[in-house]
Amino acid sequence: MKLKSLQLLPSGKNGWHSSKLVFGENITQLYGPNGCGKTPVVQSLAFCLGYPSVFRNDIYEKCGFAVLELEIRSLLFIIKRTISREVDILVTEPAGIEQRFHTEREFSEYIFSLVGIKQSSLVSTSRQSTQAYLATLLPLFFLDQDEGYKAIYCPPSKFIQDQFSEMVRLVFGLPPKNSFSKKKHKLKARERLHFLDMQVEAS
């Protein structure tokens, strides 16, 4: 995946917008005085890729969309995400076909399939079956400036068991550390043991 350009579009006639930011071949640097809008631009990049970025209230009021152009296997995809607290993402594929997504799960599955990342059934922190989302994978690459290096690339919420380790394995195509399909028998045995313990207590 190669990032090509990013732009913020206004909400209404008096809304705010940005110039089209075309990414450099290797490094892109944003600079400017405090309050000029660097942070919303960087946040909107991860936001277009499925990260649940939280913007200032005036950004929600004045900006309508974030548009990210990227290349996957030399084909151009355009991701247009509505700047709101809900998920509303429109993807225009190379042939002009449009795909719309209203859940993080569907959008994550779509992007993972485009870039060739194979999903596995993982174990959640509540010992249920779950899967990776873009929101759990992107913190390996996207560092939130408010958190800095206080925690290891921590997403807004951890719901996958050994989440950091599992995401590193996912990126490198390694088998999961905690595969739910392999652990379900052990989990059922624990549930059975708990049930027997309850029966013993009741007796």
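This is a predicted model: local features need pLDDT of at least 70, side-chain atom pairs count only at pLDDT 80 or more; totals for chains, interfaces and linings use all residues.
The model contains an open sheet of six strands, arranged in the order E2-E1-E3-E4-E5-E6 with antiparallel pairing. Strand E2 (21–22) and strand E6 (98–101) stand at the edges of this sheet, and because each has a single partner strand, one side of each is left without a neighbour in the sheet. In general, the strands of a sheet pair through backbone hydrogen bonds, in either a parallel or an antiparallel manner. Strand E1 (residues 2–10) runs antiparallel to E2 and is joined to E2 by two bridges, and Ser5 has Val22 in E2 as its bridge partner. Helix H1 (residues 38–48) lies across E1, E2, E3 and strand E4 (75–82), and the helix runs at about 115° to E1.

Within strand E3, which spans residues 63–72, lies Glu69. The relative accessibility of Glu69 is 18%, and this residue therefore counts as buried, since the cut-off for burial is under 20%. The side chain of Glu69 forms a polar contact of 2.8 Å with the side chain of Ser5, and when neighbours within four places in sequence are left aside, the residues in contact with Glu69 also include Leu3, Lys4, Lys20, Leu76, Phe77 and Ile78.

The largest nonpolar core comprises 40 residues, and those with the most contacts inside this core are Leu68, Ile79, Ile83, Val91, Phe107 and Met167. In soluble globular proteins, nonpolar side chains tend to be buried together. Met167, again leaving aside neighbours within four places in sequence, is in contact with Leu122, Ala132, Thr136, Leu137, Leu140 and Ile160.

Notes
Residues are numbered from 1 along each chain as its sequence is written. Side-chain values use heavy atoms; hydrogens and water are left out. Helices (H or I, at least four residues) and strands (E, at least two) are DSSP runs, numbered from the N terminus. Buried means under 20% relative accessible area, exposed over 50%, partly exposed in between (1.4 Å probe, protein chains only). A polar contact is a pair of N or O atoms within 3.5 Å; within protein, one must be able to donate a hydrogen and the other to accept it, and residues adjacent in sequence count only if both atoms are side-chain atoms. Contact means heavy atoms within 4.5 Å. Two strands pair if DSSP finds at least two bridges between them. Axes are lines fitted to C-alpha atoms, for helices over the stretch in contact, and angles run from 0 to 180 degrees between N-to-C directions. A nonpolar core is a set of buried Ala, Val, Leu, Ile, Met, Phe, Trp, Tyr and Cys residues joined through side-chain atoms within 4.5 Å.
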